[in-house]
Amino acid sequence: VAFPGDAALTANETQYLFCGDFLVAPVITENMYYQTVTLPSGNWYELRTGKKYSGKGSVNVDAPLTWITAALIQLASDSLKMSDSMGEDNATPALLVTPADSSRSTTQWTDTNSSTVYENRSIKGGFRITASKPDSRKAVLANGVAATRVLVDGKPLAKAASRSEILDGAGFYVDGASQTIIHMDSETWKTIEIYGGNGSDYSLKA
């Protein structure tokens with residue numbers, strides 16, 4: 001339905017779109033630790049690593065049993081990782097973003113009466129996230145980008161040499177070639193600007 005005219009997707013009976021943003025390809029064969037994923041056209045980013053894939057076509061991706069994901073993410077407060085154990089007292093609400101190809105908006109509901117519209121717009125050298133109202137989320141996980149500069153409401157954040165440096169304050173940390181973790185100490189924010197090459201570009205230059 002979402003990609004009419006794509007014969008490869010028409011024949012695929014296991015993959016589906018979740019909330020219109022997440023392409024889900026469940027492993028349905030016992031003892032399989034990888035999955036062949038058929039990608040629609042456009043750019044797609046692996047949720048776990050931030051690796052960029054350019055559709056269309058098929059790719060083989062790792063599918064470890066220890067990795068389970070959900071659309072609404074939280075990060076462990078003591079590590080700012082999605083994969084670490086977390087409880088009610090050890091969870092930081094976070095926003096998951098990927099570089100914008102042009103411009104798109106998505107509505108996130110926190111309850112039946114409250115929602116926020118996030119606009120993700122491409123800008124020169126990066127992309128900008130704009131919240132429709134002041135947002136109190138303290139962390140952003142930017143997949144598919146190795147940031148060189150991050151601004152929150154126009155103010156630059158310091159780049160950290162390690163993840164632990166940003167746990168108790170504001171800053172951003174580049175984890176590998178395809179993921180940036182941003183932590184803020186302000187009460188609320190309205191815009192976040194992220195500058196830097198995408199993961200594949202960055203790794204080639206490095």
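Me: What makes β17 largely enclosed by the rest of the structure?

Reply: In β17, 6 of the 7 residues are buried, so the strand is largely enclosed by the rest of the structure. Buried means under 20% relative accessible area, exposed over 50%, and partly exposed in between, with a 1.4 Å probe and protein chains only. This is a predicted model, in which local features need pLDDT of at least 70 and side-chain atom pairs count only at pLDDT 80 or more, while totals for chains, interfaces and linings use all residues. Residues are numbered from 1 along each chain as its sequence is written, and side-chain values use heavy atoms, with hydrogens and water left out.

Me: Which strand pairs with β17 over 6 bridges?

Reply: That is β11 (residues 126-135), in the antiparallel sense. R128 has E193 of β17 as its bridge partner, and F127 stands opposite I194 in β17.

Me: Why are these called strands, and how many does the protein chain have?

Reply: Helices (H or I, at least four residues) and strands (E, at least two) are DSSP runs, numbered from the N terminus. The protein chain has 17 strands and 2 helices.

Me: What is the order of the strands in the open sheet?

Reply: The sheet has 6 strands in the order β9-β10-β11-β17-β13-β14, with antiparallel pairing. β9 (103-111) and β14 are the edge strands: each has a single partner, so one side of each lacks a neighbour in the sheet.

Me: What do β10 and β11 form?

Reply: They form a hairpin with 2 residues between them. β10 (residues 114-123) pairs with β11 over 6 bridges in the antiparallel sense, and I123 has G126 of β11 as its bridge partner. In the turn, G125 has a positive phi of about 85°.

Me: Why is the phi of D153 worth a remark?

Reply: Most residues other than glycine have a negative phi. D153 is not a glycine, yet its phi is positive, about 50°. D153 lies in the loop between β13 (149-152) and β14 (155-156).

Me: Why is E46 called buried?

Reply: The relative accessible area of E46 is 17%, which is under 20%, so E46 is buried. E46 is placed in the loop between β4 (43-45) and β5 (52-54). Contact means heavy atoms within 4.5 Å; apart from neighbours within four places in sequence, E46 is in contact with K51, Y53 and N143.

Me: Is Q15 buried or exposed?

Reply: At 13% relative accessibility, Q15 is under the 20% limit and therefore counts as buried. Q15 is in the loop between α1 and β1. Leaving aside neighbours within four places in sequence, its contacts include L23, V24 and T36. The C-alpha atoms of Q15 and V27 are separated by 9.8 Å.

Me: Which residues lie nearest the centre of the second largest pocket?

Reply: They are V1, A2, F3, L9 and Q15, out of 13 lining residues. α1 (7-10) and β1 (16-18) each supply at least two residues of the lining.

Me: What makes it a pocket rather than a cavity?

Reply: On a 1 Å grid over the protein atoms alone, a cavity is a set of points where a 1.4 Å probe fits but cannot get out, whereas a pocket is an open set with protein on both sides within 12 Å along at least five of seven lines; lining residues have an atom within 4 Å of a point. The volume of the second largest pocket is about 290 Å³.

Me: How much of the protein chain is buried?

Reply: Of its 206 residues, 37% count as buried.

Definitions and conventions: Grid points are joined across faces, edges and corners, and a volume is the space filled by probe spheres set on the points. Two strands pair if DSSP finds at least two bridges between them.
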